[in-house]
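Please examine the sequence together with the model before reading on.

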Amino acid sequence: PAELSQGGDLEPHYLALFEVGGEMGPPAPLYEGHYGGGRNAVMEECLKFYHYFGMRLSDHKGRELPDHLAVELEFMHVLTFKEALALEEGKSPQPYWRAQRDFLERHIVDFVSRLAQRVPKAGFYSGLVALTDSFCHTEFTYVAALAAGA
């Protein structure tokens, strides 16, 4: 990527693209609520998913909000560990497959696709977002088949 090959620091590119931007804010915010569905409604639904599976957001002052991409992906990570534990204990992983499918479908897949459309088609972050978009679509197809009993 040009940012790296020229010895550039990625932080200014990250901040300009995802955090600060111009007068209208960042061109590609990492918060799902900026892409539709109403910010409060999106955060509320995310919190319902998190709470149902025993997760709470940190009380740390600088923590991210519930609709931030990193928080949503961390939730998916936790679901995969719960799935693995269920399998290890001889229990059905089906509830975790359904939760992964539902959360990907309701939150991550469309959000990351919209995010990818806003990221300029060159550079490190373009490739990273495109990879994330592709992975999320593939993962959705995979867990949807598992949840359906295929």
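A residue is called buried when its relative accessible area is under 20%, exposed when the value is over 50%, and partly exposed in between, with a 1.4 Å probe and protein chains only. By that criterion, buried residues make up 36% of the 150 residues in the protein. The model is a predicted one, in which local features need pLDDT of at least 70 and side-chain atom pairs count only at pLDDT 80 or more, while totals for chains, interfaces and linings use all residues. Residues are numbered from 1 along each chain as its sequence is written, and side-chain values use heavy atoms, with hydrogens and water left out.

The secondary structure consists of 6 helices and 0 strands, where helices (H or I, at least four residues) and strands (E, at least two) are DSSP runs numbered from the N terminus. The order of elements from the N terminus is accordingly α-α-α-α-α-α. Along its principal axes, the C-alpha trace spans about 50 × 30 × 25 Å. A contact is defined by heavy atoms within 4.5 Å; of the contacts with a separation of 6 or more, 61% are between residues 24 or more positions apart.

The surface may be considered next. The protein exposes about 9000 Å², and carbon and sulfur atoms supply 57% of this area; accessible areas come from the Shrake-Rupley method with a 1.4 Å probe, and for residues only the protein chains shown count as cover. There are 13 positive and 21 negative side chains, and the centres of the two sets lie 7 Å apart. In this count Lys and Arg are positive and Asp and Glu negative, with His and the chain ends not counted; each charge is placed at NZ of Lys, CZ of Arg, CG of Asp or CD of Glu.

Helix α4 comprises the 20 residues 69–88. The expected span of a helix is 1.5 Å times one less than its number of residues. After α4 comes G90, with a positive phi near 75 degrees.

Rings of Phe, Tyr and Trp (its six-membered ring) pair if their centres lie within 6.5 Å; planes under 30 degrees apart count as stacked, over 60 as edge-to-face and the rest as tilted. By this rule there are 13 aromatic pairs. In one of them, the ring centres of F49 and F103 are 5.0 Å apart and the planes lie at 75 degrees, so the pair is edge-to-face. This pair links distant parts of the chain, since F49 is in helix α3 and F103 in helix α5, 54 residues apart.

Helix α6 (residues 124–147) contains L146. The helix has 24 residues and reaches 34 Å from its first C-alpha to its last, close to the 34 Å expected. Its buried residues are Y125, S126, V129, D133, C136, E139, V143, L146 and A147; their cover includes α2 (10–19) and α5. L146 counts as buried because its relative accessibility is 16%. Leaving aside residues up to four places away in sequence, L146 touches Q94 and W97. Y14 lies 132 residues from L146 in sequence and 36 Å from it in space, C-alpha to C-alpha. Just after α6, G149 takes a positive phi of about 85 degrees.
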